[in-house]
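Me: Here is a structure that I would like to work through by question and answer, with the cut-offs stated along the way.

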Amino acid sequence: MFPWFAVGHITPYLHLSNELAKRGHKISFFLPRKALILLENLNLHPNLITFHPLTVPSVATLPPGTETASDIPFSDSPFLAAAMDLTRPQLEVSLQAMRPDFIFYDLAHWIPQVARPLGIRTVCYNVVSAAAIAIVLVPAREVTQGKPCTEEELEKPPRGYPSKTVVLRGSEARSLIFISLPSGDNITFHGRGTTAMRECDAIALRTCQEIERDFCAYISSQYGKAVFLTGPVLPEPDMKMLDEKWAEWLGQFKPGSVVFCAFGSQHVLEKGQFQELLLGFETTGLPFLVALRPPIGTNSVEEAFPKGFEERVRGRGVVHGGWVQQPLILSHPSVGCFVNHCGFGSMWESLLGDCQIVMVPHLPDQILHTRLLADELKVGVEVEREESGWFSKESFCRAIESVMDEESEVGLLVKKNHAKWRKVLVSPNFMTDYIDRFIQNLQELQMKN
Ligand SMILES: O=c1ccn([C@@H]2O[C@H](COP(=O)(O)OP(=O)(O)O[C@H]3OC[C@@H](O)[C@H](O)[C@H]3O)[C@@H](O)[C@H]2O)c(=O)[nH]1
Ligand SMILES: [O-]c1cc(O)cc2[o+]c(-c3ccc(O)cc3)c(O[C@@H]3O[C@H](CO)[C@@H](O)[C@H](O)[C@H]3O)cc12
């Protein structure tokens with residue numbers, strides 16, 4: 001396993017590794033040292049899953065010590081891609097010695113060049129939605145190296161893209177410019193993603209037919225190869241592992257009353273927006289647990305609190321400036337609403353849980369995931385933003401109230417739709433069947449020539 005150096009990618013690769021190990025397969029997992037410290041507790045089969053910490057080479061354009069996408073702003077991702085490319089010699093030496101049957105990778109587009117001569121089969125395993133891939137990382141989206149896409153080009157989905165709902169609207173499309181900019185040396189993000197999928201033996205996606213059938217079919221037709229699906233791949237939460245501190249705090253509130261908020265591993269808010277969000281929570285009058293990194297330019301969340309905020313919400317609101325056990329908190333009976341950025345991991349965790357869903361997407365893939373949930377499946381609501389991208393405390397509070405108020409029409413509708421989808425996704429054997437079929441697909445691939 002060699003995922004992109006981001007917690008939102010390493011985590012689902014680890015979930016898949018657990019499922020493979022559960023069925024007796026042996027896994028070598030390559031990841032940056034810092035990510036290992038944060039995530040090693042997710043390894044449920046240490047006898048079969050072995051971690052190989054990588055030394056991430058320093059790159060002049062990155063702050064010293066950068067190892068994952070959590071350490072840098074989104075705009076610096078291309079430099080982290082360059083650093084990942086510099087780990088190629090470490091991978092080459094290990095693969096020569098290990099000779100695994102398969103290697104799973106995503107943004108390291110050069111893996112097939114290394115693996116093919118060694119007879120190792122390559123699986124490009126993508127852990128963002130099929131929709132996000134279909135709208136940019138396909139040959140039909142023409143991108144020329146050295147010529148950034150124009151806003152007009154970015155606004156138009158590629159020919160044959162199968163949805164009119166799961167799209168970026170107006171100025172949102174501008175944020176896709178990054179796909180046509182360099183990502184490492186001599187390659188654009190689009191070049192990296194499409195080469196990775198064109199050169200592999202199999203494309204795999206962390207999704208299911210039931211939700212993303214048309215997008216999967218489109219990707220398959222664009223690359224002229226079958227697409228293997230793993231399904232959502234999420235472990236059963238083990239509530240015994242929830243930190244005592246949070247179990248106790250959440251335990252004081254009535255079932256379904258607490259609003260939990262987290263924005264994944266990469267997103268850091270600006271101070272003004274962070275304060276607006278906290279004031280929005282205060283206005284709801286509901287109990288809340290917010291787990292967000294300190295906003296830009298601050299060293300702690302406390303330093304950025306609005307004046308008098310702490311006293312006013314004492315006893316019903318907590319703001320934690322670091323990592324929490326998100327899947328376990330979401331499964332706590334007191335939690336009734338999940339306010340999230342709709343990273344693909346959080347999207348699955350919210351769909352498989354039974355909390356009401358409120359989305360505040362930031363990056364373009366997160367906006368597409370939000371459209372899928374809010375506009376296509378109608379299982380949650382999106383916080384309204386102004387043209388500038390700013391969300392106000394009022395719009396934030398309105399979105400939460402619209403799903404938490406028992407009388408609300410929207411709240412009842414999304415609850416009903418969410419329950420319907422959840423029933424499908426948590427039905428007995430749904431996830432197991434996906435993994436079993438996926439392994440069968442790999443075994444058939446291995447039999448070929
Ligand atoms: O405090 C936290 C925050 C997050 N998490 C976990 O970290 C993971 C975060 O993954 P997400 O995909 O939701 O979000 P990230 O922003 O970190 O992901 C990144 O890669 C996947 C892409 O879809 C996202 O757009 C990209 O930002 C989730 O599994 C979540 O449960 C915690 O366990 N604790
Ligand atoms: O923002 C995105 C919009 C979109 O339509 C597609 C993607 O795709 C991917 C991606 C990542 C890995 C793959 O194997 C395939 C697709 C995106 O990945 C994110 O890229 C960021 C910039 O490099 C990075 O910071 C973040 O960690 C990745 O999750 C984004 C979009």
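Me: How many bridges join S10 to strand S11 (residues 356-359), and how do the two run?
Reply: In this predicted model, helices (H or I, at least four residues) and strands (E, at least two) are DSSP runs numbered from the N terminus, and two strands pair if DSSP finds at least two bridges between them. S10 and S11 run parallel, and the number of bridges that join them is 4.

Me: What conventions lie behind the numbering and the values?
Reply: Residues are numbered from 1 along each chain as its sequence is written, while chains are lettered from A and ligands numbered from 1 in the order in which they are written. Because the model is predicted, local features need pLDDT of at least 70 and side-chain atom pairs count only at pLDDT 80 or more, whereas totals for chains, interfaces and linings use all residues, and side-chain values use heavy atoms, with hydrogens and water left out.

Me: Which strand is joined to S10 by 5 bridges, and how much of S10 is buried?
Reply: The 5 bridges come from strand S7 (residues 258-262), which runs parallel to S10, and within this pairing Cys 261 has Val 339 of S10 as its bridge partner. Buried means under 20% relative accessible area, exposed over 50%, and partly exposed in between (1.4 Å probe, protein chains only). S10 is largely enclosed by the rest of the structure, because the buried share of its residues is 6 of the 6.

Me: What is the phi of Cys 342, and is Cys 342 buried or exposed?
Reply: Most residues other than glycine have a negative phi. Cys 342, in the loop between strand S10 (335-340) and helix H14 (344-352), is not a glycine, yet its phi is positive, about 65 degrees. With a relative accessibility of 0%, Cys 342 counts as buried.

Me: Where is Lys 378, and what is its relative accessibility?
Reply: Lys 378 is placed in the loop between helix H15 (364-376) and strand S12 (380-382). Its phi is also positive, near 55 degrees, in a residue other than glycine. Lys 378 counts as partly exposed, its relative accessibility being 40%.

Me: Which residues come nearest to ligand 1, and what is the distance from an oxygen atom of ligand 1 to the side chain of Ser 265?
Reply: A residue is near a molecule if one of its heavy atoms lies within 4 Å of it, and of the 21 residues around ligand 1 the nearest are Ser 265, Val 324, Ser 346, Glu 349 and Asp 365. A polar contact here is a pair of N or O atoms within 3.5 Å; an oxygen atom of ligand 1 is 2.6 Å from an N or O atom in the side chain of Ser 346, and a backbone N or O atom of Phe 344 lies 3.0 Å from an oxygen atom of ligand 1. For an N or O atom in the side chain of Ser 265, the distance to an oxygen atom of ligand 1 is 2.4 Å.

Me: Which residues of helix H4 (residues 88-98) are buried, and which are exposed on the other side?
Reply: The buried residues of H4 are Leu 91, Ser 94 and Leu 95. They lie on the same side of H4, because they cover an arc of only 100 degrees around the axis (taken from the directions from the helix axis to the C-beta atoms). The exposed residues on the other side of H4 are Val 93 and Ala 97.

Technical notes: A polar contact is a pair of N or O atoms within 3.5 Å; within protein, one must be able to donate a hydrogen and the other to accept it, and residues adjacent in sequence count only if both atoms are side-chain atoms.
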